[in-house]
Amino acid sequence: MLSYRHIYHAGNHADILKHIIVSEICKHLIKKDTPFFYLDTHAGIGQYPLDSAQAQKNKEFQSGIARLLEEDHLPDAIESLLDIVRDMNPDNKLAFYPGSPKIVDYYVRQKDKLHLCELHPNDYPVLAALFPNKRKANVVKDNGFDAVKSMLPPPQKRGFVLMDPPYEVKKDYQYVVQALQDGHKRFPQGSYAIWYPVLNRKQADNLLRAVETTKIRNVLLVEMTIRDSEKERGMAGSGMIIVNPPWTLEKEANEFLPVLTKLLAEDAHADFQVSWITPE
């Protein structure tokens, strides 16, 4: 579990889909004046230097975020993410890519609260240094799945939980569904977003069925694949399972996903889907 380092994959197609969804949920939350709570179960290091040896090894960002930055007149949801990336790179050189904590940090107000979990012994101190203000963010070296039990419901009574484990351990597929059930029991009005990889169709569909069997209502699925998931090994795409999504998200996803899929496609099998696992 502790061998995974996200920096090798920072800024790729899966990050882009995940962070557009995170951005859209945050935009919805700050429309109300009342504070909200954010829990990130696998926070990573918060932001990623793309000139590092790890990021340069596969250069996945070049076929992801770098490609989008070359485009004009993109849907608003994509532009919102690009605005954050540009804000982090003011000299127009792509040197940093934001992790989920930095995406959320772009939107949070003084009254909002972040709880960021990272278990990797090398990544935790980097994340903690990025968020030194404990009034704003608790950064803990902890199993994020356990935090779903211990931190919910939050005193703010409004919140968003992101769960994006690496899935290197196959039991993560079970843990993430159990954590969703645990969290939803404690905090049914909260928004939850589960990221998952599409390594093959069967594995992804098994996770979606497991979520459906929880009987939790109001669950939206947003998925994008950039190539045939059955021909080549590796991550052909990814998806987001969103419980209690913003009411505008389905419409927004149907606007940005066709554009995003076309721009990032690697073969003719690239595709997307927006559907309800369970309606409200």
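Buried means under 20% relative accessible area, exposed over 50%, and partly exposed in between (1.4 Å probe, protein chains only). The model used here is predicted: local features need pLDDT of at least 70, side-chain atom pairs count only at pLDDT 80 or more, and totals for chains, interfaces and linings use all residues. Residues are numbered from 1 along each chain as its sequence is written, and side-chain values use heavy atoms, with hydrogens and water left out.

**Exercise 1.** Find out whether Gly144 is buried or exposed, and what Gly144 touches.

*Solution.* Start with the place: Gly144 lies in helix α7 (residues 144-151), a helix being a DSSP run of H or I, at least four residues, and a strand a run of E, at least two, numbered from the N terminus. Next, the relative accessible area of Gly144 is 2%, so Gly144 is buried. Finally, leaving out residues up to four places away in sequence, Gly144 touches Thr41 and Cys117 (contact: heavy atoms within 4.5 Å).

**Exercise 2.** Locate Asp164 and work out its surroundings.

*Solution.* First, the record: UniProt lists Asp164 under "active site" (unreviewed entry); such positions use the numbering here, feature names are shortened, and annotations may be inferred rather than shown by experiment. Asp164 sits in the loop between β6 (159-163) and α8 (172-186). With a relative accessible area of 10%, Asp164 is buried. Not counting residues up to four places away in sequence, Asp164 touches residues including Lys18, His42 and Trp195.
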